[in-house]
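Here is a short report on one protein chain and the two ligands modelled with it. Keep the structure open as you read.

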Amino acid sequence: MKKIKLSVVPGDGIGNEVMPHALDILDVVGEIHGGLDFEYEHFEYGCDYYLKHGKMMADDGMERLAESDSILLGAVGDASKVPDHISLWGLLLKIRQEFELGINVRPAKVFKGIDSPLSDPAHFDLVIVRENSEGEYSSVGGRMYRGDDEIAIQNNVFSKRATKQAMEYAFKLSAGRSHHVTSATKSNGIFHAMPFWDEVFSETSAQYEGITTSQQHIDALAASLVTHPQRYDTIVASNLFGDILTDIGAAIMGSIGIAPSANLNLNGKFPSMFEPVHGSAPDIAGQGVANPIGQIWTVKMLLDHHGEEEMGSVLLDTLESVAAERILTPDVGGNATTDEVAGEVIKRLKRKV
Ligand SMILES: NC(=O)c1ccc[n+]([C@@H]2O[C@H](COP(=O)([O-])OP(=O)(O)OC[C@H]3O[C@@H](n4cnc5c(N)ncnc54)[C@H](O)[C@@H]3O)[C@@H](O)[C@H]2O)c1
Ligand SMILES: O=C(O)C[C@@H](O)C(=O)O
Ligand SMILES: [K+]
Ligand SMILES: [Mn+2]
């Protein structure tokens with residue numbers, strides 16, 4: 001029996017509403033497989049934890065999370081309780097940075113059964129590789145003076161190691177897809193970091209024969225991701241550009257509620273982390289209408305990561321079959337609840353046991 005030990009961090013808001021379904025689904029996947037078992041350790045880290053303890057996670061939190069094979073996370077943040085930069089830096093970004101999760105893989109494709117808001121969506125199936133540990137998300141800088149003289153300095157950090165790692169990952173990923181990598185740049189306006197980014201991109205591309213490349217400034221790329229998503233295969237982007245592009249990717253699929261992501265550690269020193277692209281959605285939390293597809297598709301990425309691609313495909317096909325029958329939450333035009341959508345997925349999976 002293959003055992004996969006997961007740290008489970010539902011986090012805040014709708015993270016708590018979609019996570020239980022993800023775990024139920026993992027259990028059914030284990031049954032279908034016959035030789036696969038998941039063991040869970042639950043962590044109540046998040047903004048409520050902060051209100052009680054004055055920190056987003058326990059002092060030994062990172063050590064305990066490190067004991068698992070992977071981390072499954074919901075969403076972090078509730079600005080009504082804790083300022084967003086404190087909650088994110090104290091949990092989500094802390095895990096991404098300290099566990100060296102240098103790569104964030106976020107696919108976007110025409111999802112069977114879900115209408116894209118594009119009036120005439122061509123078939124698109126793309127993946128964005130987001131550098132996940134540095135770039136614009138840096139703690140280097142500071143604030144000084146008060147009042148009208150106050151200044152804030154935020155330094156971007158681009159290391160050759162992390163930049164190249166993200167780019168190499170994108171080229172390797174693209175080799176199993178449509179053999180084209182697009183670099184998201186802004187070397188016309190960002191004077192130091194982005195010309196550096198472009199140089200590392202051309203240096204990296206020279207190592208990968210048979211893969212064509214293009215580069216676009218982030219503004220034009222963002223626009224053309226909306227108007228011509230079918231032109232893209234693999235896009236590599238810095239931390240902030242990747243953050244924005246992946247919300248666009250989610251939006252053109254139909255909802256941010258369906259987009260998954262994998263935060264990958266490539267050196268084997270720490271567990272990787274799997275979470276939907278969306279946040280805690282305070283505006284709909286507690287209503288039972290959060291779309292569970294993002295969290296469940298995230299489980300598919302976790303299964304792929306652990307070498308269970310066959311189970312991953314079964315899960316994605318099942319998800320699309322449920323959507324195709326219009327059993328959908330309101331964000332994608334349906335009137336089903338979170339429980340109804342996830343319940344239908346589980347019912348269909350159980351038929352395969
Ligand atoms: N990776 C993460 O954990 C993550 C990601 C984004 C935002 N956040 C945090 O979440 C909080 C809210 O942020 P936000 O409002 O900018 O982004 P959000 O993703 O939480 O919500 C944006 C919009 O999308 C909707 N939405 C999101 N997920 C949905 C789902 N599964 N089903 C249906 N609708 C869904 C919300 O209702 C909202 O209207 C903030 O504290 C932010 O810092 C965390
Ligand atoms: O990376 C972030 O800024 C948090 C969230 O917006 C995300 O995309 O995971
Ligand atoms: K999330
Ligand atoms: Mn984001």
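The report goes from the whole chain to the ligands, and then to single residues.

## The whole chain

This is a predicted model. The protein chain holds 11 helices and 12 strands. Its radius of gyration is 20 Å, close to the 20 Å that the globule rule gives for 353 residues, so the chain is as compact as a globular protein of that length. The C-alpha trace spans about 55 × 50 × 40 Å along its principal axes. Of the 353 residues, 54% are buried.

## Ligand 1

How many residues surround ligand 1? There are 22, and the closest are D84, G279, A281, D283 and N291. By class, this shell divides into 11 nonpolar, 6 polar and 5 charged residues. Helix α4 gives the largest share of the shell, 3 residues.

Some polar contacts of ligand 1 involve the protein backbone. A backbone N or O atom of V76 lies 2.9 Å from an oxygen atom of ligand 1. For S280, a polar backbone atom is 3.2 Å from an oxygen atom of the ligand. N291 meets a nitrogen atom instead: its polar backbone atom is 2.8 Å from that nitrogen of ligand 1. Taken alone, ligand 1 exposes 790 Å², and the protein buries 73% of that.

## Ligand 2

Which residues surround ligand 2? They are L88, L92, R96, R106, R130, Y137 and D243. The shell has 3 nonpolar, no polar and 4 charged residues.

Side chains make polar contacts with ligand 2. R96 places a polar side-chain atom 2.6 Å from an oxygen atom of the ligand. For Y137, the distance from a polar side-chain atom to an oxygen atom of ligand 2 is 2.5 Å. For D243, it is 2.8 Å, again from a polar side-chain atom to an oxygen atom. On its own, ligand 2 has 260 Å² of accessible area, and the protein covers 80% of this.

| Residue and its atom | Ligand atom | Distance |
|---|---|---|
| V76, backbone N or O | oxygen of ligand 1 | 2.9 Å |
| S280, polar backbone atom | oxygen of ligand 1 | 3.2 Å |
| N291, polar backbone atom | nitrogen of ligand 1 | 2.8 Å |
| R96, polar side-chain atom | oxygen of ligand 2 | 2.6 Å |
| Y137, polar side-chain atom | oxygen of ligand 2 | 2.5 Å |
| D243, polar side-chain atom | oxygen of ligand 2 | 2.8 Å |

## Residues with positive phi

Most residues other than glycine have a negative phi. Now look at E100. Its phi is near 55 degrees, a positive value in a residue other than glycine. E100 sits in the loop between α4 and β4 (103-109). Its relative accessible area is 33%.

You can find Y145 in the loop between β6 (141-144) and β7 (151-154).

## Buried or exposed?

Start with S255, in the loop between α8 (239-253) and β11 (260-264). Is S255 buried or exposed? S255 has a relative accessible area of 8%, so it is buried, because the cut-off is under 20%. Its side chain reaches the backbone nitrogen of G257 at 2.8 Å.

S119 lies in the loop between β4 and β5 (125-131). At 79% relative accessibility, S119 counts as exposed, because the cut-off is over 50%. S119 and T227 are 108 residues apart along the chain, while their C-alpha atoms are separated by 9.9 Å.

T212 belongs to strand β9 (residues 212-217). With a relative accessible area of 47%, T212 is partly exposed. T212 and T182 are 30 residues apart in sequence. In space, they are 8.6 Å apart, C-alpha to C-alpha.

Technical notes: Residues are numbered from 1 along each chain as its sequence is written. Chains are lettered from A and ligands numbered from 1 in the order in which they are written. This is a predicted model: local features need pLDDT of at least 70, side-chain atom pairs count only at pLDDT 80 or more; totals for chains, interfaces and linings use all residues. Side-chain values use heavy atoms; hydrogens and water are left out. A residue is near a molecule or strand if one of its heavy atoms lies within 4 Å of it. A polar contact is a pair of N or O atoms within 3.5 Å; within protein, one must be able to donate a hydrogen and the other to accept it, and residues adjacent in sequence count only if both atoms are side-chain atoms. Accessible areas come from the Shrake-Rupley method with a 1.4 Å probe; for residues, only the protein chains shown count as cover. Ala, Val, Leu, Ile, Met, Phe, Trp, Tyr, Cys and Pro count as nonpolar, Asp, Glu, Lys and Arg as charged, and the others, Gly among them, as polar. Helices (H or I, at least four residues) and strands (E, at least two) are DSSP runs, numbered from the N terminus. The radius of gyration is taken over C-alpha atoms; the globule rule is 2.2 Å times the number of residues to the power 0.38. Buried means under 20% relative accessible area, exposed over 50%, partly exposed in between (1.4 Å probe, protein chains only).
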